[in-house]
Amino acid sequence: RVNPVEGATSIFSLGSLVVSAPAAGGLRRYAQNDSGALTLTAQWPQSSSVWKLHDGTSGKVLASSGATLTLWDVSVSPPLSVRSDVFTSPVASAILVPGFVYAVLNDHSVWKIDLGAGSGAPARLQISDAAPSLIARGGSAIALADLTAAGTTVIRYFAAGDPAAVPVTAVLEGSATSGLAASADGRVAVTTFRGLQIVDFRSGVPVTKVVAGTDTSLYSDVEIAGSEIFLLTATALEVRDLDSGALKTDFAL
């Protein structure tokens, strides 16, 4: 089922709840029924600030507006701010894991927020020789991606979910255009000028596969759900098999 969500710059689904970030500002919550139909149930906050949705789980979504990063509880009416932090640089990418938030800023610094520490300040993490632009989670693992001046994408994979630990690293040809996605079983996906690239970290030694025939499209977003990869272009949503990269179906937009 296709539901038009007018002017959304980002969107996140929690199953029965869907949250969108309109280009005009604020956030919107929709209820989704068993047939997939959406019903608008809340609009907040009362400002014109434009937000970006990053992640979510258990009735909560993580969203940023410039340098402000807020964890919203969208399971209540009206939605409530669980915690809000203001950084010195805009938030580029962020994830929500049990008990913690990790954020990558536009200045390439990485920050950790302990949700169990009340109003304790975010802690900056020192990651040697890294200048990440993107962060993603998959199961208990965390992946960071550096977009280098040399035109490569350096992926640092932390299997235990601790960005302060020593990572397994893979270097990909081309700069990621799509963001970064990680699976629960140890694979990471990005797209570059070479097309869709899937890095398999499951053996502890990264193995990269470039999916043939995907270098003719410009992908703006990539997500992994279960055994499928979802890829967004300006005109279509592609669904591909995570193992083979083969196209399973696509939807015109």
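**Exercise 1. Work out whether Thr-191 is buried or exposed, and describe its surroundings.**

Step 1: Thr-191 has a relative accessibility of 0%, so it counts as buried (buried means under 20% relative accessible area, exposed over 50%, partly exposed in between, with a 1.4 Å probe and protein chains only).

Step 2: Place Thr-191 in the fold. Thr-191 belongs to strand S18, which covers residues 187-192 (strands are DSSP runs of E, at least two residues, and helices are runs of H or I, at least four, numbered from the N terminus).

Step 3: List the neighbours. Leaving aside residues up to four places away in sequence, Thr-191 touches Ser-175, Ala-176, Thr-177, Ser-178, Leu-196, Tyr-219 and Leu-231 (a contact means heavy atoms within 4.5 Å).

A word on the model: it is predicted, so local features need pLDDT of at least 70 and side-chain atom pairs count only at pLDDT 80 or more, while totals for chains, interfaces and linings use all residues. Residues are numbered from 1 along each chain as its sequence is written, and side-chain values use heavy atoms, leaving out hydrogens and water.

**Exercise 2. Describe the protein chain as a whole.**

Step 1: Count the elements. The protein chain has 0 helices and 24 strands.

Step 2: The C-alpha atoms fill a box of roughly 45 × 45 × 30 Å along the principal axes, and 47% of the 253 residues count as buried.

Key. Rg over C-alpha atoms; globule rule 2.2 N^0.38 Å.
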